Amino acid sequence: MKDRQSLSAAKENEYMEFLRAEAARLRMNIPAVGAVRDTIDFLFESIPDWNGDTAPEEFAKLMVKRYPELRFEWTSGEDSDEPATAKQISFLKVLGAPIPNSLGIREASDLIEEWKNRVSDGQKRRLDFYGLAYAADITREQATALIDDYKKTHPESEAAYQEWKAKNDVV
């Protein structure tokens with residue numbers, strides 16, 4: 001039991017330090033120490049022989065799932081929503097998400113969450129060009145891995161794809 005207590009205390013300090021330092025980047029409020037302890041206990045109980053190998057970033061995601069109220073609210077009031085930031089709009093454009101004319105910070109944040117893992121049209125086009133089969137619900141990360149693996153075994157494919165794009169005026 002002492003080993004579990006020592007590990008629990010060490011992980012509590014590590015995770016709290018991480019969460020305090022990274023809360024803004026992770027878009028979450030800093031949790032109470034009790035919530036961190038409770039989540040560490042949950043890990044001990046639900047994962048046999050848990051040895052504290054959960055990365056701080058993964059732990060933060062688990063915290064937000066267990067305590068949705070930790071999700072940072074962008075607005076200062078119930079009904080108000082300031083306009084989306086230029087960074088949010090730029091990122092949404094990169095993701096290929098539809099951007100309404102009037103977009104608030106909260107709505108932009110929700111759109112980013114929704115679109116950040118979706119495969120892009122460009123990735124689908126490249127997968128199709130290479131003749132690679134993929135699931136309808138493929139993620140951006142999975143598509144990138146398929147494309148990268150294909151390019152490693154077929155180094156000439158990139159030049160062929162770029163030539164095809166140029167011939168077909170594909171941006």
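How are helix 6 and helix 8 oriented relative to each other, roughly parallel or roughly perpendicular? In this predicted model, the axes of helix 6, which spans residues 121-130, and helix 8, which spans residues 157-167, come within 11 Å and cross at roughly 115°. Since angles from 65 to 115 degrees count as roughly perpendicular, helix 6 and helix 8 are therefore roughly perpendicular to each other. The crossing in which helix 6 passes helix 8 is right-handed.

On the side of helix 6, the contact is made by Gly 122, Arg 125, Arg 126, Phe 129 and Tyr 130, while helix 8 contributes Ser 157, Glu 158, Ala 160, Tyr 161, Gln 162 and Trp 164.

## The chain as a whole

The protein chain contains eight helices and zero strands, and the pattern read along the sequence is accordingly written α-α-α-α-α-α-α-α. Taken along the principal axes, the box filled by the C-alpha atoms of the protein chain is roughly 65 × 45 × 25 Å. The radius of gyration of the protein chain is 22 Å, whereas a compact globule of 171 residues would have one near 16 Å.

Of the 171 residues in the protein chain, 32% count as buried. When contacts between residues at least 6 apart in sequence are considered, 50% of them join residues that are at least 24 apart.

## Helix 4 against helix 5

A second pair of helices is formed by helix 4, covering residues 86-95, and helix 5, covering residues 105-115, whose axes come within 10 Å and cross at roughly 30°. Angles under 35 degrees count as roughly parallel, and helix 4 and helix 5 are therefore described as roughly parallel to each other. The crossing of helix 4 and helix 5 is left-handed.

From helix 4, the residues Gln 88, Phe 91, Leu 92 and Leu 95 meet Ile 105, Ala 108, Ser 109, Leu 111, Ile 112 and Trp 115 of helix 5. The contact of helix 4 with helix 5 divides into eight nonpolar residues, two polar ones and no charged ones.

Thr 39 has its place in helix 2, which runs over residues 33-46. Why does Thr 39 count as buried? Buried means a relative accessible area under 20%, and Thr 39 is buried because its relative accessible area is 0%. When neighbours within four places in sequence are left aside, the residues in contact with Thr 39 are Phe 59, Leu 62, Met 63, Arg 66 and Tyr 67.

## Two loop residues with positive phi

Most residues other than glycine have a negative phi. Arg 27, in the loop between helix 1 (2-26) and helix 2, has a phi near 55°, which is a positive value in a residue other than glycine.

Asp 49 also has a positive phi, near 60°, and is likewise a residue other than glycine. The place of Asp 49 is in the loop between helix 2 and helix 3 (56-66). Is Asp 49 buried or exposed? Exposed means over 50% relative accessible area, so Asp 49, at 76% relative accessibility, counts as exposed.

Note on methods. Residues are numbered from 1 along each chain as its sequence is written. This is a predicted model: local features need pLDDT of at least 70, side-chain atom pairs count only at pLDDT 80 or more; totals for chains, interfaces and linings use all residues. Side-chain values use heavy atoms; hydrogens and water are left out. Axes are lines fitted to C-alpha atoms, for helices over the stretch in contact, and angles run from 0 to 180 degrees between N-to-C directions. Helices (H or I, at least four residues) and strands (E, at least two) are DSSP runs, numbered from the N terminus. Angles under 35 degrees count as roughly parallel, over 145 as roughly antiparallel, 65 to 115 as roughly perpendicular and the rest as oblique. A crossing is left-handed if the near helix is turned anticlockwise from the far one by less than a right angle, and right-handed if clockwise. Contact means heavy atoms within 4.5 Å. The radius of gyration is taken over C-alpha atoms; the globule rule is 2.2 Å times the number of residues to the power 0.38. Buried means under 20% relative accessible area, exposed over 50%, partly exposed in between (1.4 Å probe, protein chains only). Ala, Val, Leu, Ile, Met, Phe, Trp, Tyr, Cys and Pro count as nonpolar, Asp, Glu, Lys and Arg as charged, and the others, Gly among them, as polar.
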